[in-house]
Amino acid sequence: MVSQVTLNVQGMSCGHCVNAVESNVGKLDGVEQVNVHLETGKVDVSFDEKKITVEKIKETIDDQGYEVK
């Protein structure tokens with residue numbers, strides 16, 4: 001089953017930030033789609049709950065140097 005979550009992410013300020021989050025989260029097993037909304041600081045993620053957890057997605061964003069609220 002595919003779930004959707006919107007995360008509030010601080011520290012994203014440019015196209016590089018968008019690419020870093022979208023590419024790293026997007027390659028996680030179980031992630032279907034990632035959309036970064038730079039102007040609002042939100043990241044929408046569609047994912048398969050059987051393959052990946054929200055915590056793992058948050059950790060991946062955190063590892064890129066951004067703070068997930």
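Reader: What are the ground rules for the values here?

Author: This is a predicted model: local features need pLDDT of at least 70, side-chain atom pairs count only at pLDDT 80 or more, and totals for chains, interfaces and linings use all residues. Residues are numbered from 1 along each chain as its sequence is written, and side-chain values use heavy atoms, with hydrogens and water left out.

Reader: Which residues of helix α2 are buried?

Author: Start with the terms. Buried means under 20% relative accessible area, exposed over 50%, partly exposed in between (1.4 Å probe, protein chains only). Helices (H or I, at least four residues) and strands (E, at least two) are DSSP runs, numbered from the N terminus. Helix α2 spans residues 54–63, and I57, T60 and I61 are buried in it. They lie on the same side of α2, because they cover an arc of only 95 degrees around the axis. That arc is taken from the directions from the helix axis to the C-beta atoms.

Reader: What covers them?

Author: Contact means heavy atoms within 4.5 Å. The cover includes β1 (2–10), α1 (15–26), β2 (31–37), β3 (42–48) and β4 (67–68). Just after α2, G65 has a positive phi of about 100 degrees.

Reader: Which residues touch the most other members of the largest nonpolar core?

Author: A nonpolar core is a set of buried Ala, Val, Leu, Ile, Met, Phe, Trp, Tyr and Cys residues joined through side-chain atoms within 4.5 Å. The largest one has 20 residues, and V25 and I57 touch the most other members. At least two residues come from each of β1, α1, β2, β3 and α2. Helix α1 gives the most, with 5 residues. Leaving out residues up to four places away in sequence, V25 touches V31, V34, V45, I57, T60 and I61.

Reader: How do β2 and β3 run?

Author: Two strands pair if DSSP finds at least two bridges between them. Here 6 bridges join β2 to β3, and the strands run antiparallel. Q33 stands opposite S46 in β3. The hairpin has 4 residues between the strands, and G41 takes a positive phi near 70 degrees there.

Reader: How many disulfides does the structure hold?

Author: A disulfide is a covalent bond between the sulfur atoms of two cysteines. The test is a pair of cysteine sulfur atoms within 2.5 Å. The structure holds 0.
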